[in-house]
Amino acid sequence: MTQEIILETRDLAKHFGGLKAVGGVNLRVRAGSLHAIIGPNGAGKTTLFNLISGHLKPTRGQVFLRGQDVTGLPPHRLAHMGLGRSFQITNIFPNLTVLENVRLAVQARGPDNFKLWHDYRRFSRYISRAREVIEYVSLKGKEHLLASALSHGDKRKLELAILLASDPDILLLDEPTAGMASEDVPELMRIVEHIRQTTGKTILLVEHNMDVVMRVSERITVMHRGRVLAEGTPQEIAANEAVQEAYLGSWGTRTG
Amino acid sequence: MVEPGTLDVRAKQATRRWNLQGLMVVLFLALFPFLASLVTGEPPDAGRPKFWQGLLIQAYIFAVYALSYDILMGYTGILSFGHAMFFGTGVYATAMLLKHAEWGLGQIFLAVLLITFVQGVLFGLVSLRVKGVYFAMVTLAFAEAFYILSEATDFRRWTGAEDGLHGIPVPDFINPTDQRLRFYYLALGFALIVYLIARRVVNSPTGRVIVAIRENETRAATLGYNTFAYKLIAFVFSGVLAGLAGMVHALWNLNASPAVLSVNTTINALLMTIIGGAGTLVGPMLGAGVLQLLGYVLSRTFGPRWPLVFGVVFILIVLFLPYGIVGTWNRWRAHSSTKDKPSLSSK
């Protein structure tokens, strides 16, 4: 496996007034790996994602994408550099059909966005690619439903489909299973694992479900109060005393 | 045409049905002067047929203006309180160029295009930096600035200040008084062409991105769309169309008065869009017609107190047709036929 560092943060920090949501995080993500970030609520995981994806500007520190400093670039620029993300709170186009949600994601990476005088339905490659992705996340048959009419589990799948369709090299998945019924979780995680195995894309995952994290990730970063508490393989993390004290103990009882 | 398999057969049929219905409406409107002449027994270019054409001409002009507003409000999802700026600029540019410079209509058309385009880019670059109610306030401020400018006595020589400009020398061949029938077809053709252009644009890849921004701007940006650029395109496009509506308005009324730049003119666009149905193209056009004809009927029936009655009608429309006439109709159709899925195309 390649050891290239595709994504790196150096002393990345975000302060909201006196609150240090992220207080100097150094993160190195290898290309092609599945890297999980775990931590209790309020540890700063989502804020870290927002800093990486350009939705927030850092108070301090830098973000590097393939060695290039991308700190403070707007989300749409980062998207064109191969960084894509999903959101913890479902973030779709509610009054458009499932197909149109995904088709817009495909179109985003194409060269036709500023064509004002052509019917969008004539760009059949976007539509056929969108249908492929919809089938991949097992939403086939629901193409013409409005996104707002989907069940919560299907909305999470759509969220993933939108991300996949925009064909990023690095996927930031912010709790892809958030709010899902437990019986739906394995299917979604199978899709996530399958993505990595078949495409070699890098996945940075925030997840609460410990079973899932321990099973799928290669490396885990544990965050606590805006800082990195520990980093290592799942085995190392499971054996780390500081982590157990701060975090896993309470989780062991919850996930049982 | 659309390649096979890329579009549902159902959606295709729906599109065809729409086109057929639209064609029949256009046919009816095109024959209207002669139908009116048949009914009343008066010649198509005089009497009641002539008067009714006048009402419709006004409706066609506002139809274009309302449609342009809906590109912003219904498609892009941004609420502007300064749309009168573009409309009024079109009116004043036309009136001043005809009265003081005696330009030809073709030159004036190009001038209005250029002026409103530049205006859209400049004011869009500034006002689109803020969102929501702040955007509404900034656009309101710009439009009010133009309104105050139009009343400024310093420029009385050119603008006529608070009196406006009257007796604009419109070329004889389209004089709306002597050539009513010809002007009727000019206004109808204008509305039809603008509708077809707008339909092409909203169904283009760019048009779909604009709708995506309305639905969820953060998501659109995260996918890689530079949402500022798309909003600017929508703002400029909408502004240019409003300016052209203003041009025809000046030709029809043979005058320009500060009222066209007032906030009331913007509110009218808002009313027409809400009544007809935001996010559709036909809706605002229909809304313009409804507002125009309702205003005429109510003012004849109730005299100067008609806005009071109109207020009640408006409240009823908003209560019972929350998506406007066309919007509610579309939803009702989508629900009534369980198998008929909402079509991808927007009309």
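## Domain and chain interfaces in a predicted model

Across the interface of domain 1 of chain A and domain 2 of chain A there is one salt bridge, a term used here for a side-chain nitrogen of Lys or Arg within 4 Å of a carboxyl oxygen of Asp or Glu. The side chains that meet in a salt bridge are those of Asp167(A) and Lys201(A), at 2.8 Å from N to O. The structure is a predicted model, in which local features need pLDDT of at least 70 and side-chain atom pairs count only at pLDDT 80 or more, whereas totals for chains, interfaces and linings use all residues. Residues are numbered from 1 along each chain as its sequence is written, chains are lettered from A and ligands numbered from 1 in the order in which they are written, and side-chain values use heavy atoms, with hydrogens and water left out.

### The two domains of chain A

Domain 1 of chain A comprises 1–82 + 170–179 + 201–256, and domain 2 comprises 89–167, with bounds that come from an automatic or database domain assignment. Their centres, taken over C-alpha atoms, are separated by 27 Å. Within domain 1 of chain A, His80(A), Leu171(A) and Lys201(A) lose the most area to domain 2 of chain A, together making up 44% of what that side buries. Polar contacts (a pair of N or O atoms within 3.5 Å; within protein, one must be able to donate a hydrogen and the other to accept it, and residues adjacent in sequence count only if both atoms are side-chain atoms) number four residue pairs between the two domains, both residues being at pLDDT 80 or more. On the side of domain 1 of chain A that touches domain 2 of chain A, the elements giving two or more residues are α2 and β7 (170–174) of chain A, and β7(A) gives the most, with four residues. Helices (H or I, at least four residues) and strands (E, at least two) are DSSP runs, numbered from the N terminus.

| Interface | Residues in contact | Buried area | On carbon and sulfur atoms |
|---|---|---|---|
| Domain 1 of chain A and domain 2 of chain A | 12 residues of domain 1, eight residues of domain 2 | about 700 Å² | 52% |
| Chain A and chain B | 43 residues from chain A, 36 residues from chain B | about 3,700 Å² | 61% |

Between chain A and chain B there are two salt bridges; one of these pairs Glu159(A) with Arg219(B), the closest N and O atoms being 3.5 Å apart. The side of chain A that touches chain B draws at least two residues from each of α2 (75–80), α3 (98–108), α4 (124–136) and α5 (152–165) of chain A, and α3(A) provides the largest share, seven residues.

### Strand pairing in chain A

Strand β3 (residues 34–38) of chain A runs parallel to strand β9 (residues 219–224) of chain A and is joined to β9 by four bridges, where two strands pair if DSSP finds at least two bridges between them. In this pairing, Ile37(A) has Thr221(A) as its bridge partner in β9(A). β9(A) also pairs in the antiparallel sense with strand β10 (residues 227–232) of chain A, over five bridges, and Val222(A) stands opposite Ala230(A) in β10(A). The hairpin of β9(A) and β10(A) has two residues between the strands, and Arg225(A) takes a positive phi near 50° in this hairpin.

Methods:
Contact means heavy atoms within 4.5 Å. Buried area is the accessible area (1.4 Å probe) that two parts lose on being put together, summed over both.
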